[in-house]
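Here is a short tour to read with the model open beside you. Take it one section at a time.

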Amino acid sequence: MENLHTRKRNWTRWLIILVILVLAALFFTLDLGRYFTLATLKDQQTALMKFYEAHMLLTIGIYMAVYIVMAALSLPGAAVMTLAGGAIFGLLAGTVVVSFASTIGATLAFLAARFLFKDYVQARFKEKLKTINKGIEKDGMFYLFTLRLVPIFPFFVINLAMALTPIRAGMFYGVSQIGMLPGTIVYVNAGTQLAQIESTGGILSPDLILSFVLLGLFPWIAKIFTGFIKRRRVMAAYRKPKSADYNMVVIGGGSAGLVSAYIAATVKAKVALIEKHKMGGDCLNTGCVPSKSLIKSAKIINYTRRARDFGLKSAHADYEFAGIMDRVKGIIQKIEPHDSVERYTELGVDCYTGEARIETPYRVSVNGKTLTTRNIVVATGARPFVPPIPGLDQVDYLTSDTVWQLTELPPRLVVLGGGPIGCEMAQTFSRLGSQVTQVEMAAQIMGREDPNVAEFMREQFESEGIAVLTDHQAKAVEVQNGEKTLLCEHDGQTVRVGFDAILVAVGRKANTGGFGLEELGVTLNPDGTIAVDEYLRTRIPNIFCAGDVAGPYQFTHTAAHQAWFAAVNALFGKFKKFKIDYRVIPWTTFTDPEVARVGLNEVQAMEKGIEYQMTRYDLKELDRAIAESEESGFIKVLTRKKTDKILGVTIVGVHAGDVIAEYVLAMKHGLGLNKILGTIHVYPTLAEANKFAAGEWKKANAPEKLLGWMGKSFKWART
């Protein structure tokens, strides 16, 4: 049925194109344009007016039909037809007739172009049109109104261009009728004075064009003014101090807060930074730094188990779990000075340790002291989300915040969650000696990745002795006679998993409560993060957000990325604002092998209806990977069909998070695989895999016919 519908649609397209071509050909072949000139109109004015007096409705009907057809086919002569409307019907009737005829014709042209070309153009240039589509969906009415009012833009071009966008046909018709009305009145009025007109080009004076431009800009000016009034209305409830202690107060000393404060201090703004617990936030104290330290120790232990892979008869690592955890704490202590109060104080930041409370958009209290400020950046981060599983509160469950307090290795560990934290900790604790069971309610672990990537990592985990239970929903925790059991539902059956410790790693929840945002009426997104605009402003125009509390990506590097926009917009927004850029966001799950990604994967590309080509390069072909006995993994590159433009990359392999950087740079600056292929890479390195992946793409897209002719040419040259 679908193929039949597609065939019918294609036949209809070709029929419409044929009709348009035939009508246009007739128009030009028969030289019908000679009837739509100013000279012809002047010669025939008296006859046309007499015909109108004798056959009023017929004249209007014929006139409208001709005008609609000309506008629908985008044929020349619309200006003369509009003058004719004034000359024949007069100002009032002419304006009404021309307004409806021109708008109906324009809408028919719009609908025809949409039917013929929109699907192809949107599919072919979807990524490039994404920004335009968003702008049209948000402000399409304003754009169209401005274009209609400014006579320098040909109306037929507007019809065709707007047809390729998501603007609704009804809106197109209504805005077009209103927007074209002032110009219509001018031309129709000129038509009532036809004898005095020498050319259509002289009808619009520069002053009149400028008036139309200003009229077209009026909705935008009104919108800006309305926004200004709304912001003033929001802020009117709060008394603004005549002077302020600070240009900016930052709440939260994690990645986003530290970068925001650093930027403010660098440009010599007066800035205060408030952290209620430990400087460095989750990343330093409970996230990136301790987890990567623990992962490294576990990897070294795993190397001893792989001794034969490296030509060793055997190897053994003598270790105690407590000693490994001491190393983790030591590494945190080594990095702490980078994020310390002392360092930021030296940079010129006033650091406060305590709980902040936003009293008003201009006042923040901490430790009984009130700080006045011109702007506030909220960077309060997120915390582990603990689902309401019955009985979970009966056990001393672990989270990514508390797991670092362990001093003894749990003999049996349940890891609840198959995301990045769950996968990293499941593999790490298994390598350290725990019997690990990973429980995930979805059909696969690593839910953001392609199924083949997730399956690859599942096989890796199971080969290391981890029990991976997907499609298992945690229902309850039981404690009987000291034995702890997690009850899961799988295929309608209850599965019981015994454990000594359980790590809850099912996601993170933004820290938005308890420091005054509720009282100010700051709105939240459905996922619990703070709602911000493209400039990272909240509903309160001088309160900005950055980091996990703002979403949509909860990574340390995106927190730092957002911090730049939040700080700069807070300090310089009166002069220049910058929209946050999320176009190229990479991330890595630090399992072994690592899983790194940037841009689209295959699942997302298919969901978006994007035609793509997938190129795969296996690391077992890479000399450096072979030399290090780290051949496990691959690179998948998605490119737009028939081009080398990179849509997304997934790398599974050793140091994937480092290797992917070249693709991040390429995507950020619009470089394709040909550029990577033409770049010299050091031999032997893991980064060479990027060049070889580009080579695989090149081979798959080789011009076979040309190569065939070249082969024949070389053969001839040998004779």
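The sections below cover a helix pair, a strand pair and a sheet.

## About the model

This is a predicted model, in which local features need pLDDT of at least 70 and side-chain atom pairs count only at pLDDT 80 or more, while totals for chains, interfaces and linings use all residues. Residues are numbered from 1 along each chain as its sequence is written, and side-chain values use heavy atoms, leaving out hydrogens and water.

## Helices α3 and α4

Start with helix α3 (residues 56-72) and helix α4 (residues 78-89), whose axes come within 10 Å and cross at roughly 165°. That makes α3 roughly antiparallel to α4 (angles over 145 degrees count as such). In contact (heavy atoms within 4.5 Å), T59, I60, Y63, V66, Y67 and M70 of α3 meet residues of α4 including M81, I88 and F89. By class, this contact has 10 nonpolar, three polar and no charged residues.

Next, look at strand β2 (residues 271-275): five of its five residues are buried, so β2 is largely enclosed by the rest of the structure (buried means under 20% relative accessible area, with a 1.4 Å probe and protein chains only). V271, L273 and E275 point one way from β2, and A272 and I274 the other way.

Strand β1 (residues 248-251) pairs with β2 in the parallel sense over four bridges (pairing requires at least two DSSP bridges). Within β2, L273 is the bridge partner of V250.

## The open sheet

Finally, three strands form an open antiparallel sheet in the order β12-β13-β14. β12 (473-480) and β14 (493-499) stand at the edges with a single partner strand each, so one side of each has no neighbour in the sheet. From one strand to the next, the twist averages 25°.

How values were computed. Axes are lines fitted to C-alpha atoms, for helices over the stretch in contact, and angles run from 0 to 180 degrees between N-to-C directions. Helices (H or I, at least four residues) and strands (E, at least two) are DSSP runs, numbered from the N terminus. Angles under 35 degrees count as roughly parallel, over 145 as roughly antiparallel, 65 to 115 as roughly perpendicular and the rest as oblique. Ala, Val, Leu, Ile, Met, Phe, Trp, Tyr, Cys and Pro count as nonpolar, Asp, Glu, Lys and Arg as charged, and the others, Gly among them, as polar. Buried means under 20% relative accessible area, exposed over 50%, partly exposed in between (1.4 Å probe, protein chains only).
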